[in-house]
Amino acid sequence: MDEKHAEAAGQSAAKSTPVITIMHASVGSGHKAAANAVAQAIDRMRGTHDVPSDVIVEVLDVLDFGRIKFDGNKTAASFTGATRPIYDITWRYTLTGRLLWGGGSAWSRIMFPAFNDYVREKRPIALICTHITAANVAVGARMMTDVEYPIVCIPTDYEIEGFWPHKEADLFCVASEFMAETLRPRLVPEANIAITGIPVRGGFEDDAFDRESVLNQFGLPINKKIVLVLAGATLPQPYVRFRMAIEQTLPYLRRFDDMHFVFLPGKDHEYARNLKALFSGMKLDNATVLDYVSDMASLMRASNLAILKSGGLTVTECLCARLPMLLVGKSYGQEKANTVMLTSFGASLHATTARELVLTLERIHRCPEALDALLIGANALRKPNAAEDIVRATMEQTKIERNHQKHFLEFYWGEKPAHTR
């Protein structure tokens, strides 16, 4: 076979191999974690009647395709200090009334021509988006290239930002009915809404689980309540205020003799070293610092309480692990929406200050049955199979024929918002 025919054969084979593109934006860690969770679910379901065995899954960062390169994590971190109220205003009030964003090709035409080239080459059968930037770029690419594919949007928090391309998305996979009530006044058809939950990585399934062996693996006591303090992730900046509140409670921890506090600083090795030195100097016997933990699912399932800030993916993992939550600190933007949702369901407690945190721990110490009440409230939001449900819903979307219209920009009027923010 000559070189020309070999190239043509390769292109033909590429076109016949189905590709599912899952796209996030590197703005914090949650969007990527959700994208990877869906990709893992596709691999687990590969070869079943739901997913073809030969499907190719590609997980991409939309920011890698931008004409102007910028660090999404640094941009996100810039809204964690004094600018948090500004971020709260833009997130909660911009395009959340009757004037709505419908999508368009403008941004894709100007900023993301490289992604248009990707679509022309790969011709994906579906595009799954866990961030608004990814969703809007996917809409623009579909208009620019004339390649038809369903766009599945997965908000990774417990409320929906106003800049999702509401009219151009083919399916919204949301965490709760509350979120569906936000979409309906934005004129998103009922058929385009699926209440699936937020996708999380594997390990939270309801299978046999040996708590004692897990605690022994991490060197933790089996005769005490294990309290996880989730104090770190990819970016340290969002945790500055959370850590300040936690550090103010350290002198009081020894009074909770029925609890053992496990501090998880993530990949912040300097913070981990400082905590270990501090606990050693304080001779604090009921506290442990663990370096980066790869099997978080098992540790969360073996624990009794998590102290954390209200990031969407982290609280969802707690829900799936049946781990009661105590949220700490003032929250803004999507984290404020998460806090309101979880506390309204009775799925978590909330302490704004360090003093309030200590008082809440004292109540739990006196009345541990309060943790059982949190689990009852959390059951209504717990959806550990969300990733698989999203994959099934996506594959159903690939069977629908579409012929989307083109427009440079589109705004439209919706109905009165279901929830006044």
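Ala126 touches Val19, Ile20, Thr21, Tyr149, Pro150, Thr394 and Thr398, leaving aside residues up to four places away in sequence. The model is predicted. Ala126 sits in strand 4, residues 126-129. Its relative accessible area is 0%, so Ala126 is buried. One of its partners, Thr398, is 272 residues away along the chain, yet the C-alpha atoms of Ala126 and Thr398 are separated by 6.5 Å.

Thr394 is another of those partners. Thr394 belongs to helix 17, residues 386-397. Its relative accessibility is 1%, so Thr394 counts as buried. Beyond residues up to four places away in sequence, Thr394 touches Ala126, Ile128 and Val152.

**Helix 13**

How many of the 9 residues of helix 13 are buried? The count is 8, so helix 13 (residues 312-320) is largely enclosed by the rest of the structure. The buried set is Gly312, Leu313, Val315, Thr316, Glu317, Cys318, Leu319 and Cys320. Glu317 is in that set, and it belongs to the charged class. The cover over the buried residues includes helix 2 (30-45), helix 12 (296-302) and helix 16 (369-378). It also includes strand 11 (305-308), strand 12 (325-328) and helix 14.

Leu313 gives a residue-level view of helix 13. Leu313 has 9% relative accessibility and therefore counts as buried. Its contacts, not counting residues up to four places away in sequence, are Gly30, Ala33, Ala34, Thr156, Ile198, Pro199 and Val200.

Arg322 follows helix 13. Its place is in the loop between helix 13 and strand 12. Arg322 is not a glycine, but its phi is positive, about 55 degrees. With a relative accessible area of 40%, Arg322 is partly exposed.

**Helix 4**

Which residues of helix 4 are buried? In helix 4 (residues 84-93) they are Arg84, Asp88, Trp91 and Arg92. These four cover an arc of only 85 degrees around the axis, which puts them on the same side of helix 4. On the other side, Ile86 and Ile89 are exposed. Helix 10 and helix 14 (333-344) are among the elements that cover the buried residues of helix 4. Just after helix 4, Leu95 has a positive phi of about 55 degrees.

Helix 4 and helix 14 pack at about 65 degrees, and their axes are 7 Å apart. The two helices are therefore roughly perpendicular to each other. Helix 4 brings Tyr87, Asp88, Trp91 and Arg92 to the contact, and helix 14 brings Gly333, Gln334, Lys336 and Ala337. By class, this contact has 3 nonpolar, 2 polar and 3 charged residues. Asp88, Trp91 and Arg92 take part in the contact with helix 14, and they are also among the buried residues of helix 4.

**Helix 10 on helix 15**

Helix 10 (residues 240-249) packs on helix 15 (residues 354-366). The angle is about 55 degrees, and the axes are 8 Å apart. That angle makes helix 10 oblique to helix 15. The crossing is right-handed. Helix 10 contributes Ala245, Ile246, Gln248 and Thr249, and helix 15 contributes Ala354, Leu357 and Val358. What classes meet in the contact of helix 10 with helix 15? It holds 5 nonpolar and 2 polar residues, and no charged ones.

**Positive phi in loops**

Leu187 is a further residue with positive phi that is not a glycine. Leu187 is in the loop between helix 8 (177-183) and strand 7 (193-195).

| Residue | Phi | Relative accessibility |
|---|---|---|
| Leu187 | about 65 degrees | 39%, partly exposed |
| Arg322 | about 55 degrees | 40%, partly exposed |

Technical notes:
Residues numbered from 1 in each chain as written. Predicted model: local features only at pLDDT ≥ 70, side-chain atom pairs only at ≥ 80, totals over all residues. Heavy atoms only, no water. Axes fitted to C-alpha atoms, helices over the stretch in contact; angles between N-to-C directions. Parallel < 35°, antiparallel > 145°, perpendicular 65-115°, else oblique. Left-handed = near helix turned anticlockwise from the far one by under 90°. Contact = heavy atoms within 4.5 Å. Buried < 20%, exposed > 50% of the residue type's maximum accessible area, 1.4 Å probe, protein only. Arc of directions from axis to C-beta.
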